[in-house]
Amino acid sequence: RASIVVADEDQLILVAEALQDLDIVRLKNRFKEPVFTGYCDALYNINIDGIICEVQLHVSAIVAYKEESHHYYGFFRSFFAGNVLACKKRISMLERCIDPNADLQTALEEMLKTDDKDLIWGMYLLVDEMGDWYLCEVLCRRMCEIDPDELACKNNLACALNDQGKYAQAEALYRQCWEVQKKTLGEDHPDTLGILNGMANALSSQGNYVQAEALHQQCWEVRKKTLGEDHPKTLISLNNMAVALSRQGNYVQAEALHRQCWEVQKKTLGEDHPVTLRSLNGMAVALFRQGNYVQAEALHRQCWEVQKKTLGEHHPETLHSLNGMANALSSQGNYVQAEALHRQCWEVRKKTLGEHHPVTLSSINGIANALYGQGKYAQAEALYRECWEGMKKTLGEDHPDTLDSVNNVANALYGQGKYAQAEALYRECWEGMKKTLGEDHPDTLDSVDNVAIALNGQGKYAQAEA
């Protein structure tokens, strides 16, 4: 395989004429018929001594433009594959929205001045597919200004808030929409259930797993009756219920439900569909929680490879898979490799989600875990404390993820031989988890064990045994 890059049209013609003298088996001339993204080149299959060689002929200016806009190119290539009409519609929308001579900031400011709701909605669909939750919020707020009574706009705004980690605000807005929708459409209407599903997700993100499970189950029961067991929305409710169960420590049950969703979605949506991959990721997390780290790594990696191609390397769901893979590697003792992947996630999440987003903080926690595994306890402690402080501000002191950070700080202190300080934090974690997760949750039981280990470290064997 070879690539020839020319500077201008004259060079292009000279090279093309020279290639004509060879034994050309096949020519794909995309200068004549560019691909839907506008990119054009020529692909030659040439027979040289019985071996078929591929030669790509490019123009340097077009290559440079492709590299500059690679993120968007990759997005459109995957999202519009095989769908020319959709492609033309979306590109037409971009042309309406963005002046090619204006910078992005100016273009966005101009768009937010318009009262053309359809125009803003079209751009919202694009940025939502790309996973830019902040821009989603900005566009939704403008649509709410144009039409304050439109519940769909408020519901989409709640989604954007939830994706940015603003869980309490999202829950409040979902609840407001749900109350109105119940009265106007009824409790079992698909739109009402969609809002209820969003509210349950916001509750789950705040650590209210039991409430979230109950609401997801409520959605699932109604959707089974009205839409059928294998309907995509019914399966989304079942998958979300599995997530809530997993967070409550019911890992085996969660794995079974995720697997059930995945098997059906593979047939109805396809193996590479984002929703199918979400179920596969959930199954990987449940396996990880059960200590099946090799299986978990394999499934996270499978998701990651597909999502890189279909969603892009920097999409939040792609990073979620990469983060899961790094956790599984760390748990298998591959700490250096895990640290590198967590740092890769962290750098992108800082830029796309912000430094204080709970998901970004989870990447810091992952880096700290990998450092801890390498015996770098002081460095790990510093990052665990950074994560803990951030979680307290964004999620609250009693959130399970915040308490997990407390536990991790205690682990780092214990690793440095500071047993009394570690004991105090282990006890704080244990008391918090008893209240939020219950005494029989696996994480709560681990906290009890950790208190005993810290007591042993201080030589308080009788207390530890008790």
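Close-up 1. Ile4 has Leu57 of strand E4 as its bridge partner. Strands here are DSSP runs (E, at least two residues), helices are runs of H or I with at least four, and both are numbered from the N terminus. E1 and E4 run parallel and are joined by five bridges; two strands count as paired if DSSP finds at least two bridges between them. Keep in mind that this is a predicted model, where local features need pLDDT of at least 70, side-chain atom pairs count only at pLDDT 80 or more, and totals for chains, interfaces and linings use all residues. Residues are numbered from 1 along each chain as its sequence is written, and side-chain values use heavy atoms, leaving out hydrogens and water.

**Close-up 2. The open sheet, strand by strand.** The four strands are ordered E1-E4-E3-E2, and their pairing is mixed. E1 (2-6) and E2 sit at the edges with a single partner strand each, so one side of each has no neighbour in the sheet. From one strand to the next, the twist averages 20 degrees (axes are lines fitted to C-alpha atoms, for helices over the stretch in contact, and angles between N-to-C directions run from 0 to 180 degrees).

**Close-up 3. Strand E3 and its two partners.** Five of the seven residues of E3 (residues 42-48) are buried, so the rest of the structure largely encloses this strand. Buried means under 20% relative accessible area, exposed means over 50%, and partly exposed is in between (1.4 Å probe, protein chains only). E3 pairs with E2 (residues 24-29) in the antiparallel sense over five bridges, and Tyr44 in E3 is the bridge partner of Leu27. With E4 (residues 51-59), E3 also pairs in the antiparallel sense, over seven bridges. Ile48 stands opposite Ile51 in E4. The hairpin of E3 and E4 has two residues between the strands, and Asp49 there takes a positive phi near 55 degrees.

**Close-up 4. Thr276, tucked into helix H14.** Thr276 belongs to H14 (residues 274-289) and counts as buried because its relative accessibility is 0%. Its side chain reaches the backbone oxygen of Gly270 at 2.9 Å. Beyond its neighbours within four places in sequence, Thr276 is in contact (heavy atoms within 4.5 Å) with residues including Trp262, Gln265 and Lys266.

**Close-up 5. Arg349, a buried charge without a salt bridge.** Arg349 is found in helix H17 (residues 335-352). Arg349 is buried but has no salt bridge, and Glu317, the nearest side chain of opposite charge, is 11 Å away. A salt bridge puts a side-chain nitrogen of Lys or Arg within 4 Å of a carboxyl oxygen of Asp or Glu; Lys and Arg count as positive and Asp and Glu as negative, while His and the chain ends are not counted. Not counting residues up to four places away in sequence, Arg349 touches several others, among them Leu319, His320 and Asn323.

**Close-up 6. Arg247 and Asp401, a link between helices.** Arg247 forms a salt bridge with Asp401, with the closest N and O atoms 2.8 Å apart. Arg247 lies in helix H12 (residues 232-247) and Asp401 in helix H20 (residues 400-415), so the pair ties together parts 154 residues apart in sequence. Arg247 is partly exposed at 28% relative accessible area, and Asp401 is partly exposed at 26%.

Note on methods. A polar contact is a pair of N or O atoms within 3.5 Å; within protein, one must be able to donate a hydrogen and the other to accept it, and residues adjacent in sequence count only if both atoms are side-chain atoms.
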